[in-house]
Amino acid sequence: MTMSTTMTAHVNNDATSKLFVTLPDKEKQHYVLQVSNNPGSFSKGKKRFQFLVTLCAALGGMQAGITLGWTSPILPYLTSAESFLPELSEDQISWITSLLALGAIVGAVPAGKIADRIGRKWAILLTAVPFTTCWLTLLTAGNIVSIYVARFIGGIGAGAACVLVPVYVGEIAQASIRGALGAFFPLLFSSGIMFSYVAGAYCSYVAFNIACCAILVPFVLGVPFMPESPLWLVQKGRKIQAAKVLTILRGSHYDVPGEIAVLQDDVDRMANASGGLKDLAGTKAGRRAAVTCIGLMFFQQLSGVDAILFYTVSIFQAANSTIDPFLATIVIGFTEVVMTIFVAIVIDRFGRKPLLVISGTMMTLCLSVLGYYFKLKDEGSDVSSFGWLPLTSLALFNVVFSIGYGSVPFTVISEIFPPETKGVASSLSIVVHWCLVFAVTKLFPTMEDRMGQAATFWTFSCFTAVSVFFAYFVVPETKGKTLQEIQSKLKRRQKSKTECQVEPV
């Protein structure tokens, strides 16, 4: 039996309004939410609460980063004489690194549909299952097949987290801080990579995997206390609960009735659309959004960043750097975390497009210099006096990658798609992302062997050079715009002179 509810708004002269939510006659009760009509009236405490909720959800991204960075410190152990595995071939090593990406593709495809069915936060919590299975399998692994299985299962959790967390954050965030909140996912992702670098360098194989599994504890304990997405609640007809959630997220002095109305309008559009690829490709806004996000993912991965992250220790060993490879790897991870924090602070001030242009330009320079170093080394030149150059180039590469192509694509995914296609579009973007991760990490050893390290890094630099033009001419600027304004811009409509009085989710 379904229940109907009535929701009305009453406006007073004191610039406040009351939202009356009346239940059916049998319930004989109603709720009153008093809010302000001033859209700029937000509680700083409630903004901090949004940051806390986002941090909790982004712990899933940290697990994804840990699984991604796991191979960098572990591969030298697995290929050493102390390993419990027999001598590994180059092909087996590449499968250990790349199977994570195949699992991520499997996890990303159904993630959006699962979130639509059971809710955003419970779908995020569900990613703890493959992550836990991955670490337990690695702890008990006795052969190469067990490691293959663990990496694939861990990839399922990573792929699902990369879809679910940005979507959830985009739906709970205010427009004024959406960029900063969106940067939490790549920040925790980078923190997970750094955790792998540090723990893997100084812990035994067993202790390292136990520590990775222990990081799941605050994630599993915190997610159940997160509020559900207001958009999902309205979509399920639970407006009373949606109003309460918005009050918790925005504060009592906020136009809750207005945002509920905007959400209901989004839900009505979603009801008239299947939410599939046909709806995404059937509109100009959908096509431009898809091209933008797929292009960002393409250039993010063709910069070679994940090949560098997977094989960081091996790269420094091959470069004969005068700095300890494990210490250099930790420095790389640390710089990425610091710069991701910097992006979270400045992304809503400087915008998405300038950060992407700067990132692409500087990555091209770093990769070109690194390629030239390997060219001199391969030619037999004495590079001992330049032993600091690989660390400097890769550290700077991670810095400039983090300020643009490391963080911005995930923020754009969370805000550029219309609600009716956000699920399938986000899954499509993440599937493209992980397909490219698989291709780059699987082919990187082959490229180094057949092309040489200099040509390999120069190839990556060509893609980063093209990314500058893509960011400048194709990517739309979304700084400070509501989701509706972004859709209008993608459709190239003339901006309305009437300002929206609500910050839609």
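Leu-126 is partly exposed, with a relative accessible area of 45%. In these terms, buried means under 20% relative accessible area, exposed means over 50%, and partly exposed lies in between, with a 1.4 Å probe and protein chains only. The structure is a predicted model, in which local features need pLDDT of at least 70 and side-chain atom pairs count only at pLDDT 80 or more, while totals for chains, interfaces and linings use all residues. Residues are numbered from 1 along each chain as its sequence is written, and side-chain values use heavy atoms, with hydrogens and water left out.

Leu-126 is found in helix α4. Helices here are DSSP runs (H or I, at least four residues), as are strands (E, at least two), and they are numbered from the N terminus. Leu-126 also belongs to a nonpolar surface patch of about 420 Å², together with Ile-114, Ile-118, Trp-122 and Val-129. Patches are made of residues with over 30% relative accessible area and no salt bridge; like charges are joined within 9 Å, and nonpolar side chains (Val, Leu, Ile, Met, Phe, Trp, Tyr) within 5 Å. Accessible areas come from the Shrake-Rupley method with a 1.4 Å probe, and for residues only the protein chains shown count as cover. Two helices, α3 (90-118) and α4 (120-126), each supply at least two residues of the patch.

Helix α3 also meets helix α6 (residues 144-172). The axes of α3 and α6 come within 5 Å and cross at roughly 40 degrees. Axes are lines fitted to C-alpha atoms, for helices over the stretch in contact, and angles run from 0 to 180 degrees between N-to-C directions. The crossing of α3 and α6 is right-handed. A crossing is right-handed if the near helix is turned clockwise from the far one by less than a right angle, and left-handed if anticlockwise. By class, 18 nonpolar, eight polar and one charged residues make up the contact of α3 with α6. Here Ala, Val, Leu, Ile, Met, Phe, Trp, Tyr, Cys and Pro count as nonpolar, Asp, Glu, Lys and Arg as charged, and the others, Gly among them, as polar.The count of salt bridges comes to four. A salt bridge is a side-chain nitrogen of Lys or Arg within 4 Å of a carboxyl oxygen of Asp or Glu. Arg-120 pairs with Asp-116 in one of them, with the closest N and O atoms 2.7 Å apart. Asp-116 is partly exposed, at a relative accessible area of 25%. Arg-120 counts as buried, at 7% relative accessibility. The side chain of Arg-120 also meets that of Glu-171 in a salt bridge (3.0 Å, N to O). This second pair links distant parts of the chain: Arg-120 is in helix α4, Glu-171 is in helix α6, and 51 residues separate them. Glu-171 counts as buried at 2% relative accessibility. Through shared partners, salt bridges join Asp-116, Arg-120 and Glu-171 into one network. Elsewhere, Glu-379 forms a salt bridge with Lys-375, the closest N and O atoms being 2.6 Å apart. Lys-375 is partly exposed, with a relative accessible area of 30%.

Seven of the eight residues of helix α2 (residues 71-78) are buried, so α2 is largely enclosed by the rest of the structure. The buried residues are Thr-71, Ser-72, Pro-73, Ile-74, Leu-75, Pro-76 and Leu-78.

Several pairs are separated in sequence and can be compared in space. Val-234 is placed in helix α11 (residues 230-235) and counts as buried at 3% relative accessibility. Val-234 and Leu-263 are 29 residues apart in sequence, and their C-alpha atoms are 6.8 Å apart. Phe-185 sits in helix α8 (residues 184-202). Phe-185 is buried, at 3% relative accessibility.

Ile-177 is in the loop between α6 and α7 (178-182). Ile-177 is buried, with a relative accessible area of 10%. The C-alpha atoms of Ile-177 and Phe-51 are separated by 9.3 Å, and the two residues are 126 residues apart along the chain. Trp-388 lies in the loop between α19 (352-378) and α20 (389-403). Trp-388 counts as partly exposed at 43% relative accessibility. Its C-alpha atom is 9.8 Å from that of Ala-328, 60 residues away along the chain.
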